[in-house]
Amino acid sequence: MLRPWKLEFKIDKKLAKAVYLQIADTIIADIQSGRLKAGDALPGSRILASMLMVNRNTIVEAYQVLINEEWVISKERKGIFVSDQLPSLGIRFKNDKKETSENTNSADPFLINFDDGHPDSKIAPITELARAYRQIFNRKAKWQMMGYTEVHGDIEFRKAISQMLNHQRGMNTNENEISITRGSQMAMFLTAKSLLNPGDHVIVENPGYKPAWKAFEHAGAKLLPISVDHEGLMVEDIMRLLNKKIKIKAIYVTPHRQYPTTVTLSLARRLKLIELSNAHGITIIEDDYDNEFHFGYRPILPLSSFPELNNYVYIGTMSKVVAPALRIGYLATKNQTLLQKIGELRKIIDVQGDVIMEQAVLQLIKDGAVKKHIKKATIHYKNKRDFVHDLLKRHINEHANFNLPDGGLAFWIVPKVNINWDNVTVLLLDNNIKIIHPERYSFKESVNGFRLSYGSLSEDQLEQSIKIIGQILSGQK
């Protein structure tokens, strides 16, 4: 079988990005540019390894990333081929196709609280953070840090965030496109108030993240809920609204691991969403709240990493990485007019961010402490995920459906029968177990499912509570 495509690429081993990801991203770029077309065959792993002078396992890992992200398909005994089921997006393929009151920890030490996905504060890098604070206050010219600084945050910290987004999430940003905020919710509020006008329509996922909905409604926007299935946001329903001549100003989406269901937005729908955004001048507000802890080859790249996407605001957080009590969020956008409005509003609210904290986290980044912590935490959470999965199979499998998430800190549990959630939440509280009532994710009628988070709970708490949850679900017929 002929494989005429040749990878014109030099590996830079000095880059922070792993070699297999460099290879994968180069192939993605060639697919996006049209050099590689639907149905084209890629070189065998041995041949490509020889061409690039790397270990064959590196090529295998690169190909696995491409398969996971649906850019290519593997045909048994034939090879690896560019997927022929991708929709058109700037190029032509052969075949066109998450209330705060509920989330706060109770003061009751006996209550097992399934929050919405908080990390384990016991493994937070507190010692390293304290050391970084001491180093900052011992520096010369420390008086310079005690005055007012840039409204969008410390310039060096923004550079570090930009570099992280570019190297790890495939984006193309610079420090002048970044604004540091006190948590991702502040980023959401600033975006809503600066982007939206009263009466604007905003698409939201249903079930979804109500604190974001409240930010949009506070800006005067009208929410248009769109359902979520196993492939994520149902883009076809957005198309129907557009066909009815409903003007949509923004689409709020959590495509990486949808809140609360944890599903990943499929590549076909990602590309169609980008196409609709560009064609109708819709801003995509992408909340990548749960990116860092991923148990596969790498997290699926954000929508905002696609060079074709013209209008976006990307929102992220470092609170889960460093410590939940430290409110560190950020947003990225290429819309400088919007960024200027965000800066002006930020001055009214807060004047500036916490420059000392920004400097401390920057120190952790430079020292490699953040990278080391993420690696350690990922192993910790993967082991805990597997432990919970075994518990679910043992105690809940007969009464509910669930999938093994490839990252994050929660499972989505869907009972096999319709549940009276008012009764269930009361029964659980009688057993000192608290879950978030499904109405907290739902637009009107409660979805028949709940988010079982495991990050902040011990194995003993998880084993005790999941057994009881199974028993209560078994009685709901």
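A charge sits over a ring if NZ of Lys or CZ of Arg is within 6 Å of the ring centre and within 35 degrees of the ring normal. Select Lys75 and Phe81: Lys75 lies over the face of Phe81, 4.8 Å from the ring centre.

The model is predicted, so local features need pLDDT of at least 70 and side-chain atom pairs count only at pLDDT 80 or more, while totals for chains, interfaces and linings use all residues. Residues are numbered from 1 along each chain as its sequence is written, and side-chain values use heavy atoms, with hydrogens and water left out.

Next, display the aromatic rings. The structure holds 10 aromatic pairs (ring centres of Phe, Tyr or Trp, the last by its six-membered ring, within 6.5 Å). Select Tyr259 and Tyr289: the centres are 5.9 Å apart and the planes stand at 80°, so the pair is edge-to-face (planes over 60 degrees apart). Tyr259 belongs to the loop between β8 (250–253) and α10 (267–280), and Tyr289 to the loop between β9 (283–287) and β10 (312–317), 30 residues apart. Both Tyr259 and Tyr289 are buried (under 20% relative accessible area, 1.4 Å probe, protein chains only).

Finally, select helices α9 (residues 235–243) and α10, whose axes come within 10 Å and cross at roughly 20°; axes are lines fitted to C-alpha atoms over the stretch in contact, with angles from 0 to 180 degrees between N-to-C directions. Helices are DSSP runs (H or I, at least four residues), as are strands (E, at least two), numbered from the N terminus. In α9, Val235, Glu236, Ile238, Met239 and Leu242 meet Arg269, Lys272, Leu273, Leu276 and His280 in α10 (contact: heavy atoms within 4.5 Å).

Note on methods:
Phe/Tyr/Trp six-rings, centres within 6.5 Å; stacked < 30°, edge-to-face > 60°. Buried < 20%, exposed > 50% of the residue type's maximum accessible area, 1.4 Å probe, protein only.
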